[in-house]
Amino acid sequence: MSLMEHNNGAGRRGAARAVGERSEAVSGQAAPTGAPDPELVERPRRRRFSAEYKLRVLHEAEASSRPGEIGALLRREGLYTSHLTAWRKQRDRGALKALSRPRGRKPADPRDAQIAGLRRRAERAEADLEKAQRVIEVQGNVSALLGELLEPRGASGSIER
């Protein structure tokens, strides 16, 4: 077995591949349809740490007195020294209290939705009122015109005997 075959995990003869080359392309076999491709990594997710966790790690790091204890803590928790530095600054600013709140937009106040609905209703009512006033004005003009047309007009319009 060649070194390349040993390093890439393919134990078959002739299955050597270049770095980054997918194994099914070389072997001519298609990947099973139901199984995910192990060489494709899902989109990584950002780690989120709660304020309680940050404070616990900071207390443990500050309680460390022997050399290497902080490094062991960081390895055990999968953290970097920059995490401790940033978290200390946040703690000193008092920002860790604010970090316990969920990220993103604050939930909408139901009163805001109610106010918006009432405003829309008022605008529609004002528009309907304006239309009604125009209709009343037109009806008044039509009534005045009909009154003039149906009204007897003195000597010229009527026959006198």
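**A walk through the helices**

Start at histidine 83, which lies in helix 5, residues 81-93. Helices here are DSSP runs of H or I with at least four residues, numbered from the N terminus. The model is predicted: local features need pLDDT of at least 70, side-chain atom pairs count only at pLDDT 80 or more, and totals for chains, interfaces and linings use all residues. Residues are numbered from 1 along each chain as its sequence is written, and side-chain values use heavy atoms, with hydrogens and water left out.

Is histidine 83 buried or exposed? Its relative accessibility is 18%, so histidine 83 counts as buried. The cut-offs are these: buried means under 20% relative accessible area, exposed means over 50%, and partly exposed falls in between (1.4 Å probe, protein chains only). Which residues touch histidine 83, leaving aside its neighbours within four places in sequence? They are Arg47 and Phe49. Contact here means heavy atoms within 4.5 Å.

Now turn to charge. Side chains of opposite charge can pair when their charged atoms come close. A salt bridge is counted when a side-chain nitrogen of Lys or Arg is within 4 Å of a carboxyl oxygen of Asp or Glu. By this rule there are eight salt bridges.

One of them joins arginine 76 and glutamate 60, at 2.6 Å from N to O. This pair links distant parts of the chain: arginine 76 sits in helix 4 (residues 69-77), glutamate 60 in helix 3 (residues 51-63), and they are 16 residues apart. Arginine 76 is exposed, at 53% relative accessible area. Glutamate 60 is partly exposed, at 28%. Arginine 76 also meets glutamate 77 in a salt bridge, at 3.4 Å from N to O.

Move on to helix 7. There, arginine 134 and glutamate 130 are four residues apart, so about one helical turn separates them. Their side chains form a salt bridge, with the closest N and O atoms 3.3 Å apart. Arginine 134 is partly exposed at 46%, and glutamate 130 is partly exposed at 45%. Elsewhere, salt bridges that share partners join Arg56, Glu60, Arg76 and Glu77 into one network.

Finish with valine 142, also in helix 7, residues 110-150. Valine 142 is partly exposed, with a relative accessible area of 43%. With Val138, Leu146, Leu149 and Leu150, Val142 forms a nonpolar surface patch of about 520 Å² accessible area together. Patch residues have over 30% relative accessible area and no salt bridge; like charges are joined within 9 Å, and nonpolar side chains (Val, Leu, Ile, Met, Phe, Trp, Tyr) within 5 Å. Accessible areas come from the Shrake-Rupley method with a 1.4 Å probe; for residues, only the protein chains shown count as cover.

Notes:
Helices (H or I, at least four residues) and strands (E, at least two) are DSSP runs, numbered from the N terminus.
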